[in-house]
Amino acid sequence: MSIPEALAEINRRIQAAAERAGRDPASVRLVAVSKTRPTSDIVEAQKAGQTIFGENYVQELVTKLDVLNDTVRWHFIGHLQSNKVKFIAGRVSMIHSVDRFSLAGEISRHWSRVGKFCDILIQVNISGESTKSGTAEEDAIQLAKDCSKLPNIRVRGLMTMPPFFDDPDAARPYFAELRRLSQTIASERIPGVEMRELSMGMSGDFEAAIMEGATLVRVGTAIFGER
Ligand SMILES: *Cc1c(COP(=O)(O)O)cnc(C)c1O
């Protein structure tokens, strides 16, 4: 399947899942995960109407940024080292993977330097697997409170990666738990913190995530093929 065909198919499945969940399909946005794929793949997807692209590695993202500039909305979705934040300051519109206060502080500092605000999501390790990044579920509220005091970041929601299952429905309890946590944090009414985004669901389980309230689905392989 070509990239435009795959994109059309994913968008059709997103719409169908949203309708099944009784949700407005426009409330779910597709992040096309283009890590390891050449810039030409991104351009092809762009021509087919895709606007948001997700990248995991700073060095790779910077190379692509230099080619594509502001024609793309970039979301950073991978593990982020504090000492690399400076390379992407002001150049991505959202960071999905904030899992510690020290990282949030660095993001705020560098975005302040370029006179911008960065939208961030707090990554939560719902399953508690030691191999997964993300803050522990019980620490997420405090992290949101601490982040709300930083001048140049805006907390906009939560992100998670559930364990891998062959059956996508097996991931649903983890997605549901992230939604409940987001409601709990919203009920705290922390100034400046908005729980409007739930980033959850990948190629194998995005429909299950949409059933549980995902607003951002991060899909790579199903658009661009195996990495
Ligand atoms: C690679 C990656 C994805 C996309 O995974 P696919 O299975 O290829 O759709 C989504 N989210 C994160 C954080 C990733 O690293």
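1. The crossing of helix 2 and helix 3 is right-handed, a term that applies if the near helix is turned clockwise from the far one by less than a right angle. The contact (heavy atoms within 4.5 Å) is made by T39, I42, V43 and Q46 on helix 2 and by K64, V67 and L68 on helix 3. By class, these residues divide into four nonpolar, two polar and one charged.

2. This is a predicted model, in which local features need pLDDT of at least 70 and side-chain atom pairs pLDDT 80 or more, whereas totals for chains, interfaces and linings use all residues. Residues are numbered from 1 along each chain as its sequence is written, and side-chain values use heavy atoms, with hydrogens and water left out.

3. Helix 2 (residues 39-47) and helix 3 (residues 58-68) pack at an angle of about 55°, and their axes are 10 Å apart. The two helices are therefore oblique to each other, oblique being what remains once angles under 35 degrees (roughly parallel), over 145 (roughly antiparallel) and 65 to 115 (roughly perpendicular) are set aside.

4. The largest pocket has a volume of about 560 Å³. Its lining comprises 28 residues, of which K35, M161, M202, R218 and R227 lie nearest the centre; a pocket here is an open set of points on a 1 Å grid where a 1.4 Å probe fits, with protein on both sides within 12 Å along at least five of seven lines, and lining residues have an atom within 4 Å of a point. The lining has 12 nonpolar, 10 polar and six charged residues.

How values were computed
Axes are lines fitted to C-alpha atoms, for helices over the stretch in contact, and angles run from 0 to 180 degrees between N-to-C directions. Helices (H or I, at least four residues) and strands (E, at least two) are DSSP runs, numbered from the N terminus. Ala, Val, Leu, Ile, Met, Phe, Trp, Tyr, Cys and Pro count as nonpolar, Asp, Glu, Lys and Arg as charged, and the others, Gly among them, as polar. Grid points are joined across faces, edges and corners, and a volume is the space filled by probe spheres set on the points.
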